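Keep the 3D view open as you read.

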Amino acid sequence: RGLIDRFESANLLTRQTSFDAGQHYAEKIEADLRTMGADTVLLQIMSLEDGLYLFVRAAGHETIRRKMPIRRAELARQVLTAVDAVKNRRDDAQAQLAGLYDRLIRPVRSDLDAAVAQDGAVAPVLLLDLSGFLRYVPYAALYDGKRYLVEDFAPALYNPANPTKFTPM
């Protein structure tokens, strides 16, 4: 019984530590977003074994969560194929980028548009919080069939561990 009690206590402590770290991460993101203004939205993308997770967050808004049924290995293969197509200037590069757009952006595109103030004068900033092979995706070049992502958003990488000061000039 003592062994079980120690295990449960250690497990509870681990969960509490993870929760505290997650809460700190969420607070850090919210603080950074508030300093950047209403034309900034954060897109966090995580590929796990059981699916692709997309999180959209803007200052003062609830986080929107979407799960897509694509396995990590399948998405990694699609990313590497698209990167190779672009790198080698293959004829199918645009189609490969469109396929990635459909996986990574289209499921949350309306959420991204709704989260930022789009006044037409300046493209909204799309902060990308990425991990693993998702860092290799050429996000600016993702293609929706008519336009490239860079035509509607100014993509930028976001890393909460980076001490960059996000203050408007």
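The paragraphs below look at one helix, the nonpolar cores and some salt bridges. Please bear in mind that this is a predicted model.

Which residues of H2 are buried? They are Leu75, Ala76, Gln78, Val79, Ala82 and Ala85. To read that spacing, recall that an α-helix has 3.6 residues a turn, so residues three or four places apart point the same way. Among the elements that cover the buried residues of H2 are strand E1 (40–48), strand E2 (51–57) and helix H3 (93–104). Just after H2, have a look at Arg89, which takes a positive phi of about 50°.

The largest nonpolar core has 31 residues, and Leu43, Leu104 and Tyr139 touch the most other members. At least two residues of this core come from each of E1, E2, H2, H3, helix H4 (109–115) and strand E4 (125–129).

Now for the charged side chains. How many salt bridges does the structure hold? There are ten. One of them joins Arg103 and Glu74, with N and O 3.1 Å apart. This pair links distant parts of the chain, since Arg103 lies in helix H3 and Glu74 in helix H2, 29 residues apart. Arg103 counts as partly exposed because its relative accessibility is 29%, and Glu74, at 35%, is partly exposed too.

Another salt bridge pairs Asp102 with Arg106, whose closest N and O atoms are 2.7 Å apart. Asp102 has a relative accessible area of 40%, so it is partly exposed; Arg106, at 41%, is likewise partly exposed.

Finally, turn to Asp152 and Arg147, whose side chains meet in a salt bridge of 2.7 Å, N to O. Is Asp152 buried or exposed? With a relative accessible area of 17%, Asp152 is buried, because the cut-off for buried is under 20%. Arg147 is partly exposed, at 33%. Through shared partners, salt bridges join Arg109, Asp113, Arg147, Glu151 and Asp152 into one network.

Note on methods: Residues are numbered from 1 along each chain as its sequence is written. This is a predicted model: local features need pLDDT of at least 70, side-chain atom pairs count only at pLDDT 80 or more; totals for chains, interfaces and linings use all residues. Side-chain values use heavy atoms; hydrogens and water are left out. Buried means under 20% relative accessible area, exposed over 50%, partly exposed in between (1.4 Å probe, protein chains only). Helices (H or I, at least four residues) and strands (E, at least two) are DSSP runs, numbered from the N terminus. Contact means heavy atoms within 4.5 Å. A nonpolar core is a set of buried Ala, Val, Leu, Ile, Met, Phe, Trp, Tyr and Cys residues joined through side-chain atoms within 4.5 Å. A salt bridge is a side-chain nitrogen of Lys or Arg within 4 Å of a carboxyl oxygen of Asp or Glu.
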